[in-house]
Amino acid sequence: MCETPTVHDFGSHEKLLVVDFGGQYTQLIARKVREQNVYAKIVAWDDPGLGEEWRSAKAVILSGGPKSVTDENAPTLDPHLLNNGLPVLGICYGQQLMAHLLGGRVHKVLHREYGRQLVKPSPKAALLASEGQVWMSHGDSVDAVPPGFEVVASTEGCSVAAIQNTEARKFGVQFHPEVTHTERGIEILRKFLFEQAKFAGDWTAGNFVEEAVASLREQVGEGKVLCGVSGGVDSTVAAALLAKAIGDRLLCVFVDHGLMRKNEAAQVVADFAAHIPAKLIAYDASQQFFDALSGVTDPEQKRKIIGAEFVRVFEQHADELKGCDFLAQGTLYPDVIESGSKTAETIKTHHNVGGLPDWMRLKLVEPLRWLFKDEVRAVGRELGLPKEMLEREPFPGPGLAVRIVGEVTRERVRIVQDADYIWREELYRAGLSAVPPSGYSGPQSPAVSPKAQVWQSYAALLDVQSVGVMGDSRTYAHPIVLRAVASEDAMTAHAVAVPFEVLDRAATRIVNEVKGVNRVLYDVTSKPPATIELE
C-alpha cells in the first residue's frame, strides 16, 4: 500500500558502528555515543551488510548479549574484521567474543555477577582513570587474554574486568559503561571515542536539520506530503522539519477522537498555527469514535476500533486528501531497530501505516527514522519549537481509552480528564513536572532538578465503585488511580516518590471537584512487572 521510504544514512559523518548481539542495552550504547556528538549506527551481527558497514566505520563497539560465546550457534563475527585496523571496544559479551576469536579463553563462572561492583583499574588502563562503581551482568568471564592483550581492571568477583591491546587499539570491559549505574561510564566512552578513535564529534542537531532538509527536498521533489499530527513530539517535529523543507506543499491532518486530555485538542491546533507554517485540517470525529466504542470493554478491541475509525475518517475526507503523493510518519530509530533485529527478543513490530484506505497509494517519508527521542527534541529546539510542544509527556495513540477500564463513554472520559488535569497541575506546581496541563494559567513551576521530575503521569478510571461519605450522605462512586513514573525510554519505569503533601492535595481536590469520584489511589508498581498504562 505504501512504498518503503528512501533511506538517507548520513554517510558524510564519521560513523561509530555498534554491532548488536541481542543485548538489552544496545540502543543505550548508541544513544550515549550520540550524546557525545558522534553518529552511531546499530547493525545486527548477522546482517548481510555488516562487512560493508564495518569497513565504512571509524570505530566499532561490540554490544552485550544474552548468549554464551561457548554455546553452539552463538552470535559471532568473521575474525578478519577484528584485524582490519579499526579501534574496537567490546562490552560484556563483546569483550568475551573478542577474546575468544583472537585466541583467548572464556569460561562459565560459578556464580553469576549481577549489579553494582567496585572496579579497580591498573595504572596502565587506557580507558579507566580511577576505581569506581560499575554495573555487571554476566555469567561468563575471560580467564585467558589473547596474545598482545593485558588485564587492566578487576572486581571482587571478576579478575578480568577490562582488557586492552593499545597497539592494536582493541579494548574490552566486562561491565556496562553505557548505563547510569556505572559511575564513570561516559568518561570511558569518551576516552575510546576521542583519545583512541579520534572522532571529531560532528553529529549535531543543526547538522541534522540542514542535511535532512536537503534529503527531503530531493526525495519529495515537487510532490505534496500528507502528515498526520497528534500533538506528540514526533509528529510535531516531523511536521516542522517538512514545513522547512517543502513549505506549502505540506498538508497536515489532526483527527480529534474525543479521547485526548482536557483542553488538549484545542491546544494542539493553536500551537500548530502559532509555530508550524503549514496548512492544518482538523476533523472533530469524537462522536464517531464514541459510537464505535459503545459497549466495548476489551482493551485490545478498543485499540482495533480506534485504528479502524481513523481509517474511516480518512475515507470520509478522501476528496480533500487525494492530491498528496507522500505520507509522512514520525518513525524513530528504535522502531527501525526493533523491527529489524533477529537476535533481540521482539519488543514490538513497527508496521508502516497498516490499514490505511486502498486509495492512499502513497510513498512514505520518515524524516526522523535515524533519531532517538532525545535527539528529536534537540532537532525541535533547533527548529525553534517551544518547550511546551517538545516536552509534552508521552501519550498513547488510543488516548484515554486505555486509561479507562471498561466502557468508554463521554461521561467517563470527562471524569478522567478532570481528575487528570488536577493531578498534572499539582505535579507541575510542586516542580515535579516540566510542562503544565493544557490551558493552565497559574504560577510558574519552581525550578527542580530534572532527576526529580516525572517522565509520564496520568489519572485512570477503574470499572468498580466503592462506598464513601461526603457530608452526611453515603456515596457509591468510582476510584481514580494516579500514576507518575520516571523512565528514560519506557522499556523500564519506576514510580516517582511524590511527597505525601502533593498526593494529599491532589486527592482532596479530585474528590471535591470531580463529580463521580469518592476515592483516590496511587499506583507504586514499577515496570516490569506492570506496564506504564493500565491497558
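Here is a walk through the chain above, from its overall build down to a few individual residues.

Please keep in mind that this is a predicted model, in which local features need pLDDT of at least 70, side-chain atom pairs count only at pLDDT 80 or more, and totals for chains, interfaces and linings use all residues. Residues are numbered from 1 along each chain as its sequence is written, and side-chain values use heavy atoms, with hydrogens and water left out.

Let's start with the whole chain. It holds 16 helices and 19 strands; these are DSSP runs numbered from the N terminus, with helices being H or I of at least four residues and strands E of at least two. The radius of gyration is 26 Å, close to the 24 Å that the globule rule gives for 535 residues, so the chain is as compact as a globular protein of that length. Here the radius is taken over C-alpha atoms, and the rule is 2.2 Å times the number of residues to the power 0.38. Along its principal axes, the C-alpha trace spans about 80 × 65 × 45 Å.

How much of the chain is buried? Of the 535 residues, 55% count as buried, where buried means under 20% relative accessible area, exposed over 50%, and partly exposed in between (1.4 Å probe, protein chains only). The accessible surface comes to about 23500 Å², and 49% of that belongs to carbon and sulfur atoms; the areas come from the Shrake-Rupley method with a 1.4 Å probe, and for residues only the protein chains shown count as cover.

As for charge, the chain has 56 positive and 69 negative side chains, and the centres of the two sets lie 2 Å apart. Lys and Arg count as positive and Asp and Glu as negative, while His and the chain ends are not counted. Each charge is placed at NZ of Lys, CZ of Arg, CG of Asp or CD of Glu.

Helix α1, residues 26-34, is mostly covered, with nine of its nine residues buried. Among them are L28, I29 and V33, and also the charged R31, K32 and R34.

Moving towards the end of the chain, L534 lies in the segment after β19 (517-522) and is partly exposed, at 33% relative accessibility. The C-alpha atoms of L534 and V402 are 6.5 Å apart, although 132 residues separate the two along the chain. Leaving aside neighbours within four places in sequence, the contacts of L534 are V402, V405, Y458, A460, L462 and D523.

Finally, a look at the backbone. Most residues other than glycine have a negative phi. N73, which is not a glycine, has a positive phi of about 65°; it sits in the loop between β3 (59-62) and α3 (79-82) and is exposed at 70% relative accessibility. R169 also has a positive phi, near 60°. Its place is the loop between β8 (162-165) and β9 (170-173), where R169 is partly exposed at 29%.

Terms used. Contact = heavy atoms within 4.5 Å.
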